[in-house]
Amino acid sequence: MSERRSGLVLMALVSAILVLGAALAQAGLQRLEPPSPWPSVGLILGAFWIGWLLSALRGRGADFMLFPLASLLCSVGWLEVYRLGPAIGSPALGERQALWIALGVGVFILALLVPGDYRTLEDYKYTCLLTGILLQVAVMLFGTEINGARLWFEIGPVLFQPVEVVKILLVVFLAAFLRQFRHWIRLGLLSAEGRLPRRALFLLGLGWAAAEGVLVLQKDLGMALLLFGLFLSMFFLSTGRRDLVALAAMLAGVGSWVCYHLFGHVRVRVGAWLDPFSDPHGQGYQMSQALYALASGGLDGSGLGMGRPFLVPEAYTDFIFVALAEEWGMLGALGLLMVYMMLVTRAFRVALAAGDEFGTLLAAGLATLVAWQTLILVGGTVQLAPMTGITLPFMSYGGSSMLANFLLLGILWRISAVGEVSGGD
Amino acid sequence: MTPEVSEGLLYFLKYPLLILLYVFLACALRMMASALPTPKELAARQAPAGRPAPSTLPVRAVGSPRTGTSASLEAAPESPPPPARPPEWGRLEVIAGMDPPVGGIPIHGALLFGRASDCPVQIPDPFVSSHHARLVPGSEGVVLEDLGSRNGTWLGPERLESPVRLQDGDHFAVGDVTFRYHRT
């Protein structure tokens with residue numbers, strides 16, 4: 001089967017799932033008189049097929065599975081968001097999410113069509129770092145406060161969450177920086193010269209300080225975990241230095257211990273994680289509701305629109321995985337995790353096939369970003385890790401994260417297109 | 001207003017949706033599996049045998065084509081044994097990236113480093129260009145020159161911008177392989 005036909009089969013299946021799911025969700029919600037899902041479904045399908053056609057026509061040899069896998073995640077996520085909208089009193093949620101998906105595909109198409117070479121990104125590494133830091137500081141100072149955290153800018157009618165863009169900027173910076181100094185880090189330390197690995201230690205210290213800073217100043221545990229995980233993964237991928245990674249992980253352990261004892265909000269989070277039922281109506285409310293939802297979903301779920309995932313606070317963003325597990329059951333939830341696994345595997349494949357070191361590091365960094373984010377978030381919702389407020393890539397409701405994730409997908413696609421073309425030199 | 005659908009029917013209609021999801025998974029997994037190399041292809045990739053080695057080949061690196069870190073350096077089966085006369089221009093010691101050959105790589109004349117099979121020092125690493133760098137002995141000593149490689153040749157921590165005369169004990173890196181130069 002040619003790659004184009006394979007992609008076509010996957011896209012057809014995605015469309016079928018979306019259409020059948022929308023019909024079921026509408027029927028399941030009939031008592032709430034939900035808005036018709038069909039305009040949104042039409043918009044999403046139109047965007048998907050245009051995006052897929054363009055990527056299939058333009059990219060000979062580019063990765064053909066990235067886009068279908070991401071569109072499946074989007075479809076399933078949209079079904080849950082649409083289904084939750086009427087139940088939590090904002091029936092337009094589905095329509096807005098459909099618009100964000102369409103805009104996200106637009107960003108993907110833009111990333112395909114921009115002329116030039118992704119390698120020019122390498123020349124802007126310090127610009128990326130600076131922009132990222134500025135955005136983070138600006139949102140800390142001037143952001144809008146929601147639920148006690150300053151993580152958003154209010155721009156007209158929409159909320160913009162700069163963290164989503166900062167993550168990608170950080171990956172670009174790390175890929176370029178490590179590409180440049182990788183040899184240095186590898187050669188100069190604990191080697192015959194007996195020099196201290198100054199640059200490596202500086203870099204690791206920077207990552208550690210950034211993660212702890214986010215944790216302390218922004219009270220954003222999820223972002224801190226994500227930043228540090230990303231940092232260590234990329235450092236290890238480019239240098240292969242186990243000893244330094246272990247050292248940094250130990251430092252992080254010490255940092256977490258200190259934070260736990262110094263800051264109340266960290267203690268509250270950890271307490272709600274370890275023992276949600278000690279305070280089921282207060283701090284442990286969200287977690288215990290999530291556990292009830294997971295339990296009532298069982299193996300095959302309640303059926304779309306038939307469960308009560310709206311009882312979990314924030315079910316349409318942070319806890320969308322729980323809503324999914326309740327209505328699609330463990331079977332559906334594990335299936336979705338497999339899709340994430342395949343997406344990450346394909347991204348690593350792009351990294352291995354990339355013709356140059358920067359491309360390899362960039363693709364591998366983006367892959368680890370998706371992997372860590374999924375791991376931290378899903379772990380947080382099933383009580384394997386402290387609960388955190390980051391989004392599930394391609395599924396959670398939210399414009400910033402949708403656009404940023406499609407940008408990430410577009411960059412991966414560009415790397416794969418170049419990698420295949422120049423592989424034969 | 002859509003017609004009323006009974007809850008019992010809806011309960012069972014969730015199964016077609018789950019089945020569709022798993023059909024998608026099965027298709028995607030099969031496509032991913034078929035894109036993987038077969039064991040035969042993998043074996044062919046790891047041992048690029050069959051090509052007779054050029055007679056000038058004193059050493060050649062064979063090994064994992066991806067990482068290069070586990071590459072081993074061994075005499076090609078068809079190549080004649082290294083000449084016994086002492087090297088006129090010193091030798092290179094391999095200090096990282098591949099298993100070093102006994103006694104290092106003697107420098108009898110110009111040495112080419114790269115991924116291509118006509119390079120006396122062949123490094124099968126995707127980050128190494130086909131013709132990556134060369135060592136040219138002259139009256140002034142041994143000069144290391146980068147041949148416009150994409151990822152550069154590194155003398156210590158610095159990327160080589162122009163040809164450089166090597167000093168005794170200098171080390172340089174081509175891809176993941178690091179060499180040390182000995183004048184004797």
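Across all chains, a search of the whole structure turns up 9 salt bridges, a salt bridge being a side-chain nitrogen of Lys or Arg within 4 Å of a carboxyl oxygen of Asp or Glu. The structure is a predicted model, in which local features need pLDDT of at least 70 and side-chain atom pairs count only at pLDDT 80 or more, while totals for chains, interfaces and linings use all residues. Residues are numbered from 1 along each chain as its sequence is written, chains are lettered from A and ligands numbered from 1 in the order in which they are written, and side-chain values use heavy atoms, with hydrogens and water left out.

One of these salt bridges joins the side chains of Arg83(A) and Glu327(A), at 2.7 Å from N to O. This pair links distant parts of the chain, with Arg83(A) in helix H3 (residues 66–87) of chain A and Glu327(A) in helix H12 of chain A, 244 residues apart. Helices (H or I, at least four residues) and strands (E, at least two) are DSSP runs, numbered from the N terminus. Arg83(A) is buried, with a relative accessible area of 1%, and Glu327(A) is buried too, at 2%. Here buried means under 20% relative accessible area, exposed over 50%, and partly exposed in between (1.4 Å probe, protein chains only).

A second salt bridge in chain A is formed by Glu122(A) and Arg179(A), whose closest N and O atoms are 2.8 Å apart. Glu122(A) sits in the loop between H4 and H5 of chain A and Arg179(A) in helix H6 (residues 163–188) of chain A, so that distant parts of the chain, 57 residues apart, are linked. Both Glu122(A) and Arg179(A) are buried. In chain B, Glu93(B) forms a salt bridge with Arg180(B), the closest N and O atoms being 3.9 Å apart. Because Glu93(B) lies in strand E3 (residues 91–96) of chain B and Arg180(B) in strand E14 (residues 177–182) of chain B, the pair ties together parts that are 87 residues apart in sequence. Glu93(B) counts as partly exposed, at 27% relative accessibility. Back in chain A, a network of salt bridges links Asp117(A), Arg119(A) and Asp356(A).

Aromatic rings come next. A pair of aromatic rings is described by the distance of the centres and the angle of the planes. Rings of Phe, Tyr and Trp (its six-membered ring) pair if their centres lie within 6.5 Å; planes under 30 degrees apart count as stacked, over 60 as edge-to-face and the rest as tilted. The whole structure holds 16 aromatic pairs over all chains. Among them, Tyr118(A) and Phe358(A) are stacked, 6.4 Å centre to centre with 15° between the planes. Tyr118(A) belongs to the loop between helix H4 (93–113) and helix H5 (125–142) of chain A, and Phe358(A) to helix H13 (residues 357–381) of chain A, 240 residues apart. Tyr118(A) is buried at 6% relative accessibility, and Phe358(A) is buried at 0%.

Phe113(B) lies in strand E6 (residues 111–114) of chain B and Phe172(B) in strand E13 (residues 171–174) of chain B, so the pair ties together parts 59 residues apart in sequence. Phe113(B) has a relative accessible area of 0% and is buried; Phe172(B) is likewise buried, at 0%. Chain A also has an aromatic cluster formed by Phe48(A), Phe67(A) and Phe108(A).

Strand E6 also takes part in an open sheet of 5 strands in chain B, with the order E7-E6-E8-E9-E12 and mixed pairing. Strand E7 (121–122) and strand E12 (164–165) of chain B stand at the edges, each with a single partner strand, so one side of each has no neighbour in the sheet. Two strands pair if DSSP finds at least two bridges between them. E6(B) and strand E8 (residues 133–138) of chain B pair in the antiparallel sense over 3 bridges, and Leu111(B) has Leu135(B) in E8(B) as its bridge partner.

Turning to cysteines, the count comes to 0 disulfides over all chains, a disulfide being a pair of cysteine sulfur atoms within 2.5 Å. The sulfur of Cys27(B) is 20 Å from the closest cysteine sulfur, in Cys74(A), which is too far for a bond.
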